[in-house]
2 protein chains.
Amino acid sequence: MTEATTRRATRDRLAAPAPTAPEAPIHETSMAETPVPMTPIPMAPGALVGDGKNTMASQLVDRLREAIVSGRLEAGSKINLERARERFSVSLSPLREALARLIADGLVVFEDNRGYRVAPVSLSNLAEITRLREEVEVLALRQAIAIGTVDWEGDVMRALHRMNRIERDPAQPETLEQWEAYHREFHLTLIAGCRMPLLLNFCGVLLNLNDRYRRTFLRRTPGGDRNVAQEHGEIAQLAVARDADDACARLREHIHRTGTNLQRHLAGTLAP
Amino acid sequence: MTEATTRRATRDRLAAPAPTAPEAPIHETSMAETPVPMTPIPMAPGALVGDGKNTMASQLVDRLREAIVSGRLEAGSKINLERARERFSVSLSPLREALARLIADGLVVFEDNRGYRVAPVSLSNLAEITRLREEVEVLALRQAIAIGTVDWEGDVMRALHRMNRIERDPAQPETLEQWEAYHREFHLTLIAGCRMPLLLNFCGVLLNLNDRYRRTFLRRTPGGDRNVAQEHGEIAQLAVARDADDACARLREHIHRTGTNLQRHLAGTLAP
DNA sequence: TGCTCACATATCATCGATTATTCGTCAATC
DNA sequence: GATTGACGAATAATCGATGATATGTGAGCA
C-alpha cells in the first residue's frame, strides 16, 4: 500500500494541470480559441486501461495531436517553444520530445535551428492522402476480410452502431467531436482485423491527416448531400459478410468521395 | 569578429567528438563491438552541404539509425540512457529527442517510464515488411513510370550504375557498407519519380527495416544464387522504358524473393 | 535609394542537477 | 513454502539555467 501512496501523488501531479482551460493558440496568428472542452478521448485502440500516458511527454503528444487535428493550432504556423511551454505548463524537454514524436504523424515538421511548426495543408497533400487511403486502407480491409476473426466482426458492428447513434448537432460541438472520435474508431476497427501493425499504423496516420482536413473544412456539413451513415453501414455489412470485392469497392468510393468533397472546400478556401 | 569566434567554437565542438571510436554497444548484452569504422556516410539524398544535421539531436538520429540498421545495436535490446549518453558524448535531452524521432522509423519502441529499446525482429514482422514493400513500392513505381521526368530516368540509371560498379568484397567490409548505401539509394531513386512525399517516406521506412534484416542475416551472401545485379538492371531498364506492368511485376518478384531468402535465414537463426 | 555589415534581441539547443518511477531483493506474514 | 509488502539501488523523466544560432534593425557607404 505504500505503492498506492506514491502512485496517488503522481496521479495528482499529472491530473492537476489538465482541468485548466483548453490550450490557447501557441502560434502568433489567430487568437480566437474555440472553447472545445477537451473530450476524455476514447483513444486509439490497443491502449489498455492503465498502460500508457503516464508521462508529461506522452500526454503532451495526445494534447498536441488533438490541438493540431482539431485545427486549434493553425496549419503551417510556427510553434514557439517558450509560449508552448507556458501554455501546456511543462518544461522544454518533454515538449521537444513530444513534438519529435509527432513528426511521425506528419502533423509537425522540423528544421534544425528553426524549430517546429505545424505541418502545412495543401491541395497536393490532400490529394496524396486520399489516394494513399484508397490504396492502403483497401489493402488492409481485404486482408481483414480474409483473416479477421468473429471478434473482429463484432467490433466492427459495435463501432458502426456507436457512430451512427450519435446525433450530430452543430449547436452542440461536443457531439461533433464525439462523432469524429467514433468515426475514426470505426475506420480503424474495420481494418484492425488484418493484424499488420505497420500497415495499421500507416492507415492511422493517414486517417489523422485526413481528419484534420475534414474537421477544418467540413465541420458542420460532413457529408454534403451524401448519406454517409448509409455508406458506412454498407461497407460494414459487406465486410462482415466476407464479400471482399464489394466491400473494398465501396470503401474506395467512400474515401474517394470524401476526398473530392474536401478538395472542393479546400480549393474554395485557398483561392478567393 | 565576436561572431566569428563564437561560430568557430561551435564548429569545433560539433566536429571534435565525431572522430572518436565507433560507438560500443549500449545495451547490456553483447559486448563484442564489431569495429566497423563508421563510414563517412554518403548520407540520404537531398542533403545539401550546409542544410541539415547541424544539431546534436539530428546527428544522433543518423548515428543511432545507422547503429541499429547495421545491427551494432542488438534487436530488442534495451537502450540504457546513461550509457548511451556517455557513448555518444551528448546530454540526455538531445538523446531522448533523437530516440523519439526514431520511433517514426520503426527502429525504436518506447514505453512510458520504461524507456526506449531497439525494435525487436520477428518472422511476422519480416513477413509484413515484405508484403507491404510489394504493395507500396510497386504502387510508387507505377506512379513514377506514369509521371516521372527525364531527369528521373537519368537518376535511375546513375543509381543503377553506381551500385553495380561496387565490388562487394567480404574481406573489405567498407565495400559492403558502400553497396548497402547505393542499394538503398537505387530503390529510393527508382520510385522517387512518383512525387508522393508520404508514400516515399513510408517506402523509405520499410526499406530501412528490410535492410536491417539483410545486413544482419545476409551480410556476406546477399543474393544466394540469384543474380541480383541482373534483377536490378532489368527493373531499371523496364522502368525507364515505361513498361509499367513488366517493371512492376519484376520489382514485386525481386522484393518477394529477397523476403523469402531472409525468412529462411532468420528462421534458421531463431529456431536452433 | 539600395546594399552590406555589425549589433541587439528573440529563439532554439544543450547541459547538469533534481525528482519520480521502476525493479530487484529480502524480510514478514499467512 | 508461497505470497505480499517494504526498502534501496538503478533508471527514467523533468526542470531551470546556460550556450549557440537565427532574425530584425539601423548605421555607414556606394
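**Rings, charges and a helix pair**

The model here is a predicted one, where local features need pLDDT of at least 70, side-chain atom pairs count only at 80 or more, and totals for chains, interfaces and linings use all residues. Residues are numbered from 1 along each chain as written, chains are lettered from A and ligands numbered from 1 in the order written, and side-chain values use heavy atoms, leaving out hydrogens and water.

Y116(A) has a ring partner, F110(A): the two make a tilted aromatic pair, 4.6 Å centre to centre with 45° between the planes. Rings of Phe, Tyr and Trp (its six-membered ring) pair with centres within 6.5 Å, and planes under 30 degrees apart are stacked, over 60 edge-to-face, the rest tilted. F110(A) is partly exposed, at 22%. Over all chains, the search turns up 5 aromatic pairs.

Charges meet rings too. R168(A) lies over the face of W179(A), 3.7 Å from the ring centre, while the charged end of R101(A) sits over the ring of F110(B), 4.3 Å from its centre. To count, NZ of Lys or CZ of Arg must be within 6 Å of the ring centre and within 35 degrees of the ring normal.

As for helices, α5 (residues 123–147) and α10 (residues 244–270) of chain A pack at about 165°, with axes 9 Å apart. These axes are lines fitted to C-alpha atoms over the stretch in contact, with angles running from 0 to 180 degrees between N-to-C directions; helices are DSSP runs (H or I) of at least four residues, numbered from the N terminus.

Methods: Buried means under 20% relative accessible area, exposed over 50%, partly exposed in between (1.4 Å probe, protein chains only). Helices (H or I, at least four residues) and strands (E, at least two) are DSSP runs, numbered from the N terminus.
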